[in-house]
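Open your viewer and get your selection tool ready. We will go from stop to stop, picking a few residues at a time.

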Number of protein chains: 2
Amino acid sequence: MAESLALTTEKKCEGNLNQSGLDVDECPVVTAIDVIGGKWKVIILYNLRDNTLRFGELKKLIPHISQKTLTTQLRSLEADKLVARKVYAEVPPRVEYTATPLAEQLGPVLDALCQWGQAYRQAHQS
Amino acid sequence: MAESLALTTEKKCEGNLNQSGLDVDECPVVTAIDVIGGKWKVIILYNLRDNTLRFGELKKLIPHISQKTLTTQLRSLEADKLVARKVYAEVPPRVEYTATPLAEQLGPVLDALCQWGQAYRQAHQS
DNA sequence: CGGAATCCGTTAAGATACTG
DNA sequence: CAGTATCTTAACGGATTCCG
């Protein structure tokens, strides 16, 4: 079972592969959560969608995050090659963050999340 | 502003509403992350997809989670009405967890996450 | 001045042992 | 079996300091 788990077939995740005895670590969902499972990462990437933003702009768009955490999460995203960080040697300093093509492929995830968020609100009759 | 933000239009999330001056808290993505943003919640729900599982079965399927965390996350999911918890008054005890219809609506999110996880692996040439 | 590093307190999560 | 109790470790928030 599970031939080369990478690119040949994409059926792996559709069904109940976990019940087939496979370790969950083999599942791409676990990989995805590992990378974007941080509390703020999806929101950061959502704000970075189609946008290049400075650190301060991101901070303004995500008011509830602390500077420190924003820095940490951005560094982590950078390490995973989901955001590109460009530093301008200027005064005042300027650092711009851009989503990489890999991050842009998250589009469907963001859309699905968005739709579900609405369904959730509806179900909880807000 | 934002007529009933629930079911009328679903365009809200497609574009750049954050740049429109809206607080991010208005965005359903933030709602979704609030609910399923826990480190393990998506993975739990993924394993619960189309399946009713006992506590121990879930634990086996998600080896890296601790009992305590699994309990906590399940309780949180239960409070948000994403899983139903059924206790059988037997010896030995038996507790079954089932995804609610609301959780089942996460299907597209899980699918998108799964696909992206594969793309991510591929990009990092694993 | 903007961005980030540091110190510290609080909360979430991990490991292990133990109980109904 | 399905948790709870306890302790330890890692993640996040706040404030201050630093540096270009």
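Which of the 20 residues around DNA strand D come nearest? Select K68(A), T69(A), R54(B), R85(B) and Y97(B) to see them. A residue counts as near a strand if one of its heavy atoms lies within 4 Å of it.

Before going further, some ground rules: this is a predicted model, where local features need pLDDT of at least 70, side-chain atom pairs count only at pLDDT 80 or more, and totals for chains, interfaces and linings use all residues. Residues are numbered from 1 along each chain as its sequence is written, chains are lettered from A and ligands numbered from 1 in the order in which they are written, and side-chain values use heavy atoms, with hydrogens and water left out.

**Stop 1: DNA strand D**

Stay with DNA strand D and colour its atoms that come within 4 Å of the protein: sugar and phosphate account for 73% of them. Now look for polar contacts, which are pairs of N or O atoms within 3.5 Å (within protein, one must be able to donate a hydrogen and the other to accept it, and residues adjacent in sequence count only if both atoms are side-chain atoms). Zoom in on T69(A), where a polar side-chain atom lies 2.4 Å from a phosphate oxygen of DNA strand D. On chain B, pick P93(B): one of its backbone N or O atoms is 3.3 Å from a sugar or linking oxygen of DNA strand D.

Switch to a cartoon view to see where this surface comes from. Helix 4 of chain A gives two or more residues, as do helix 3 (55-61), helix 4 and strand 3 (94-99) of chain B. Helices (H or I, at least four residues) and strands (E, at least two) are DSSP runs, numbered from the N terminus. Colouring the surface by class shows seven nonpolar, six polar and seven charged residues. Here Ala, Val, Leu, Ile, Met, Phe, Trp, Tyr, Cys and Pro count as nonpolar, Asp, Glu, Lys and Arg as charged, and the others, Gly among them, as polar.

**Stop 2: DNA strand C**

Next, select DNA strand C. Among the 17 residues around DNA strand C, the nearest are F55(A), G56(A), R85(A), Y97(A) and T69(B). Of the DNA strand C atoms that come within 4 Å of the protein, 64% belong to sugar and phosphate.

- G56(A): a polar backbone atom is 2.8 Å from a phosphate oxygen of DNA strand C.
- R75(A): a polar side-chain atom lies 3.3 Å from a phosphate oxygen of DNA strand C.
- P93(A): a backbone N or O atom lies 3.5 Å from a sugar or linking oxygen of DNA strand C.

Which element supplies the largest share of the surface near DNA strand C? Highlight helix 4 of chain B, which contributes four residues. By class, the surface near DNA strand C holds six nonpolar, five polar and six charged residues.

**Stop 3: chain A on its own**

Hide the rest and trace chain A, which has six helices and three strands. Along the sequence they run α-α-β-α-α-β-β-α-α. Of the 126 residues in chain A, 45% are buried, where buried means under 20% relative accessible area, exposed over 50%, and partly exposed in between (1.4 Å probe, protein chains only).

**Stop 4: the nonpolar core**

Bring chain B back and select W116(A) and W116(B). These two touch the most other members of the largest nonpolar core, which has 74 residues. Such a core is a set of buried Ala, Val, Leu, Ile, Met, Phe, Trp, Tyr and Cys residues joined through side-chain atoms within 4.5 Å. Centre on W116(A) and list its contacts (heavy atoms within 4.5 Å): leaving out residues up to four places away in sequence, they include A32(B), V35(B), L82(B) and L106(B).

**Stop 5: salt bridges**

Seven salt bridges turn up over all chains; each is a side-chain nitrogen of Lys or Arg within 4 Å of a carboxyl oxygen of Asp or Glu. Pick D111(A) and R49(A), whose closest N and O atoms are 2.8 Å apart. This pair, 62 residues apart, links helix 6 (residues 107-123) of chain A to the loop between helix 2 (41-47) and strand 1 (52-54). D111(A) is partly exposed at 25% relative accessibility.

Finish with E90(A) and R94(A), a salt bridge whose closest N and O atoms are 3.9 Å apart. E90(A) is partly exposed, with a relative accessible area of 38%, and R94(A) is partly exposed at 26%.
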